[in-house]
Amino acid sequence: MRIFRLIGLVLLLPLVVWGIEVLYLLQRNASTPSKIQTQGKAGRTRLMAEFKGKERDLVRDYEQRKYLATGETAYDRIFNTQGQTINQLIQCIATEALPKTWSCEVQVEEFTHFLLLILLPHNEERVAATRIAVHLKPIIAYCNPYLSDVAVFDRNHKSYLFFDQEILEHLRNGGNLTDALVAKVEHQGRSFTRFNSTTIPCEKHESHLFLSTEVIGPSALVTCYALFDTGASTTVLSSEVITATGNDDLTTAPKRTFQTANGLLSCPIVRREVNLAGIRRNIEVAVNQRDEVNLIGMNYFSGLKYIVDSEASCIHVWEK
Amino acid sequence: MTDMTIVQCTHCGSRNRIRPHSNHMSPVCGRCGSPLVGYCLKQSGISRRLSTGMIKLIGILLFLLIPIVCYGIVITPRWLSKDFSDLPAAEAESTSRFRAEQEETLAKLEAKLQQELAQIDSMELNGIASAQYHNSMNARLSYDKKYALTPREKAQLSMLNLAKDSTRSYHEAIKAVATEAAPNGSNIRVTESLGQIGLHIDFDMSSMTSGEHGTSTKHDTIDSLRKEVVVLISKVTNDVFLFCKDLELETIHVACKHHVQTTRPDGTTSVENTLLYKILVHRNRMPKLSNNPFLDLYSTTEYLQVEEDNFEELEIIRTRI
């Protein structure tokens, strides 16, 4: 019996090996083609991605060369851009010609008068007219005869140089800015107040700015001091000022709740004209029934841009 | 008991008594549990001989199966293994075909782009762009309504249309244009004397600028007030001039008014809408007016003749609570 067992064991082992071998071979037969095909497909996908990348590079390179082929210089290329308006032409040429930190805008008035506004950055002192003229040369050359005037604004958004068409023509013809022309440019610049900021003088008390404010209501005009508060969304006026300028029934007026430093405060809302240095705006005003504090809030400055000059205690405001 | 058979276990050698039993049962050794083969062999002489032969036969068969199985192990890969050596080659060929197609596409695209690039003529583009800017400017010069974007341009367009309106009488046309050109609420009159037409416009300062309300003004000094009044008058004059220049006006008179509190010698006060400044432009000077909307002050004031200047009599009083 032992010999039988031995023979059985010896037979079982190769049988198991055979079975495993068969299974392995069948599995290999089944999986190998799909494996090879998957590898081939992956290779082609990689190839496709590679070609797509090459195509992109080619198109990008083409676009760049196409752009370069449209003109010899950057100015030529801007001028030759198809479908561009005159405003865009002046704006793009000026952006190219002026230092990167400067900004510019184009204004059109009365259909044909194109004015280029050059705005100096807030950290730059006034630049001399002769230096501006150097930057203007390509602008004049490429925007002729469309550009009528050029105005230069300082960091407080005040015009200080104005090159009219006559001077621009003189520069275009290769002329230089003589002292007399510089004086004229400066004189015109000072007098050109159309897009200037309005300076609102302030009084400084413990680093707070107070503004002399005219409040115009249905019945009267009252002048008072108001704190300039960039954190206040709405202008707040004391009930004394409100009652002096109109006969609003504050008990029936709509109310709005404000988050203040002293907690929530519910205030009646009325409308008043608020005038700061000639900038008159009809705005919603919250009535302060708790104390005598008047605040100029941000609703007054909606649609306006402003720069606070705390050293000179003033605010420069202009329309957007 | 006599039927019992004594069978010795071939494994442990112990002797076992076995009763007669049916054929399907197999006795085992009571001590070691091994099958009592000898019992079977003892059943009968024929079956004993048969069993021994069978066992030997099975043993031989099993023994023979071993090399067969081993042979099977060796031979099976030859039977079952398939040759996939063609597949990678086919895939490689497909990939190379794909590569060739892509390269061809890329080459075609490159050629097309090169062709397009070669067709770009900067001079031609310059010509097209210049013509486009020129056409755009011409459209603007002829007051194309698509360029009337600002309220001022819209008003100008309206003024132009009124000036060209042939259904209106001459005076009506002038008045209509002046109404458009002048600030809201202006007093406009058209006068005619000896065939010479004069246009008179009186406007309120508050209608043109902010900060002027009743008798109050935003200005701190008379000089600053005067400057603004001159600018406003220049602006109105420019507007009127621009759109009335074809209407053969002999004179244009423009006056600016403001509410002023007047104190009389007897001490009584009253608020009156007083004329602050009035100018006149003659026909012979009108062609010299150059219209620069950005430089009203310079282009206009030198051709204005002042008719009335009442600033000397004014005083600005500041009030504050």
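Predicted model: local features only at pLDDT ≥ 70, side-chain atom pairs only at ≥ 80, totals over all residues.

Visitor: How many helices and strands does chain A have?
Guide: Chain A has seven helices and 14 strands. Those are DSSP runs, H or I over at least four residues for helices and E over at least two for strands, numbered from the N terminus.

Visitor: OK. What share of chain A is buried?
Guide: Buried residues make up 31% of its 320 residues. Buried means 20 or more other C-beta atoms within 10 Å of the residue's own, with C-beta atoms placed from the backbone.

Visitor: Which residues touch the most others in the largest nonpolar core?
Guide: That core has 43 residues, and A:I90, A:I93, A:L116, A:I139, A:C143 and A:L147 touch the most other members. A core here is a set of buried Ala, Val, Leu, Ile, Met, Phe, Trp, Tyr and Cys residues joined through C-beta atoms within 7 Å. Its largest share, eight residues, comes from α4(A).

Visitor: What does A:L116 touch?
Guide: Leaving out residues up to four places away in sequence, A:L116 touches A:I90, A:A94, A:C104, A:V106, A:I139, A:L147 and A:V150. Contact means C-beta atoms, placed from the backbone, within 7 Å.

Visitor: Back to α4(A). How do its axis and that of α5(A) cross?
Guide: The two axes come within 9 Å and cross at roughly 90°. That makes α4(A) roughly perpendicular to α5(A), a label for angles of 65 to 115 degrees. The axes are lines fitted to C-alpha atoms over the stretch in contact, with angles running from 0 to 180 degrees between N-to-C directions.

Visitor: Which residues meet there?
Guide: A:A133, A:L136, A:K137, A:I140 and A:A141 of α4(A) meet A:L168, A:L171 and A:R172 of α5(A).

Visitor: Switching to the two chains: how many residues does each put into the contact?
Guide: Chain A gives 65 residues and chain B gives 58. On the chain A side, α1(A) supplies the largest share, 32 residues.

Methods. Residues numbered from 1 in each chain as written. Chains lettered and ligands numbered in written order. Buried ≥ 20, exposed ≤ 12 C-beta atoms within 10 Å, placed from the backbone. Parallel < 35°, antiparallel > 145°, perpendicular 65-115°, else oblique.
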